[in-house]
Amino acid sequence: MTEYTPDPQLRAAFLGGMSHAACTVNIVTTDGVAGRGGVTVSAMTSVSADSPKPTLLVCVHHEASAAPLILENGNFCVNLLRDDQSFISDTFAGRFKEEFADKFDCAEWAPMATGAPRVVDPLVAFDCTLVSAERIGTHHVFVGEVQDIFTANRGTPLIYANRAYGRTVRIDPVTTFATSQSDTALRVGCFHTIGPFVVPRIIGEFTKDDSTDLRLMDGDHRRLIEGLRAGEVDLALMFDLDLPDDIETVPLASLAPYILLAEDHPLAAEPNLTLETLTKHPMVLLDSEPSAEYALSIFAAQHLAPQVKYHCPSYEMVRAMVGEGLGYSLLASKPASNLSYDGHSLVTRPLPADTRHCPTVLAYRRDAELPPAAQPFMELCKDLFTSPIERV
């Protein structure tokens, strides 16, 4: 076949773009006259359900040991893994060669009708005879005619996206909100790091007369913006950091970021810390946008770079890591308690006075028709944020 030299820039951009495509994780196996083999693949899709027998295709790298076996055996089984079976995927991807001389030893197997093995308990298994094989670039495109199907009665699929494993999360369609919406309903979203410190108080004041059907959703900035655009939420309590043009805001407060330290940290007793001093110590970064970008921008404004040693998506995990003495962190939300979840004492220190503050707002979609309860809710939030809220 003709060999081509790929464009390295286009190849890198393609791989980067495809990394965002969420795929199921599959073990493709075969057995027969050529012997048993298997490989982890993410490129699997249906071809047709309306041919004499259903067909699907998988793409297998030509250097995979299973590729010539599939060609000679004329069969393969696609084992679609459950979200608790990533260990099997890693094994067949070659990550545990020292632990398993035979990668099939990582799980129990049962033969399908063609002889190809399936994991005893995958989410689904498609047993196929090979009807077409074509090599395109570095991969064989195998089309299989489905002979038998195994389906489990429980579990959710293992997903691979952004170069990491994940699992599916159900997102209810917007129509379920719209059909149940009433004149007294209000749907409020809140950024997950600030919501617990202020939303209960706001809700307590707002629902004293018990006349509003109030529904809450929390999430990161991306999830809240999606919720506003999709009509899942009417208002969102969040930070005004790089919000898109179609989102309007009502200003509430400007939070001063602070340094979080373990009580026995070497810097805990210093009253006037500088960013330059912090760069000499490890940092625990709240790795949830826009919190991470905001914290790093504070250093970048002074042409400094922190030593980020740990990335944590959870606010309380950051506090626990800091309490353990694993580094400092920069945060904007401040709980009433100076203890982490696991009981370590924490202290806070101010940042320099000229540090950019973090504006907190109520956000809504520009062209949205807000329910009647939205305006009084906005006014209450403005009143409460005008008065001191020590826990924020």
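These legends describe close-up views of a predicted model. Local features need pLDDT of at least 70 and side-chain atom pairs pLDDT 80 or more, while totals for chains, interfaces and linings use all residues. Residues are numbered from 1 along each chain as its sequence is written, and side-chain values use heavy atoms, without hydrogens and water.

View 1. The largest pocket holds about 1700 Å³ of space. A pocket here is an open set of points on a 1 Å grid over the protein atoms alone, where a 1.4 Å probe fits, with protein on both sides within 12 Å along at least five of seven lines. Its volume is the space filled by probe spheres set on the points, which are joined across faces, edges and corners. The lining has 40 residues, lining residues being those with an atom within 4 Å of a point. F14, L15, H61, T138 and H139 lie nearest the pocket centre. By type, the lining has 23 nonpolar, eleven polar and six charged residues (nonpolar: Ala, Val, Leu, Ile, Met, Phe, Trp, Tyr, Cys and Pro; charged: Asp, Glu, Lys and Arg; polar: the others, Gly among them).

**View 2. Elements around the largest pocket.** Helix 1 (8–18) gives the most to the lining, with five residues. Helices (H or I, at least four residues) and strands (E, at least two) are DSSP runs numbered from the N terminus. Among the elements that each supply at least two lining residues are strand 5 (55–61), helix 3 (86–92), strand 9 (124–136) and strand 10 (139–151).

**View 3. Aromatic pairs.** The structure holds nine aromatic pairs. Rings of Phe, Tyr and Trp (its six-membered ring) pair if their centres lie within 6.5 Å; planes under 30 degrees apart are stacked, over 60 edge-to-face, the rest tilted. Y160 and Y165 pair edge-to-face, at 5.6 Å centre to centre and 70° between the planes. Y160 is partly exposed at 29% relative accessibility, and Y165 is partly exposed at 31% (buried is under 20% relative accessible area, exposed over 50%, partly exposed in between; 1.4 Å probe, protein chains only). F191 and F239 are also edge-to-face, at 5.5 Å and 65°. F191 lies in strand 13 (residues 185–191) and F239 in strand 15 (residues 235–239), so this pair ties together parts 48 residues apart in sequence. F191 is buried at 0%, and F239 is buried at 3%. Elsewhere, ring pairs link F87, F96 and F100 into a cluster.

**View 4. Charges over rings.** The charged end of R36 sits over the ring of F104, 4.0 Å from its centre. The charged end of K334 sits over the ring of Y258, at 4.8 Å. The criterion is NZ of Lys or CZ of Arg within 6 Å of the ring centre and within 35 degrees of the ring normal.

**View 5. Salt bridges.** The whole structure has twelve salt bridges (a side-chain nitrogen of Lys or Arg within 4 Å of a carboxyl oxygen of Asp or Glu). D234 and R187 form one, with closest N and O atoms 2.9 Å apart. D234 is in the loop between helix 6 (221–230) and strand 15, and R187 is in strand 13, 47 residues apart. Both residues, D234 and R187, are buried. E248 and R366 meet at 2.9 Å, N to O. This pair spans 118 residues, from E248 in strand 16 to R366 in the loop between strand 22 and helix 10. E248 is partly exposed at 28%, whereas R366 is exposed at 51%.
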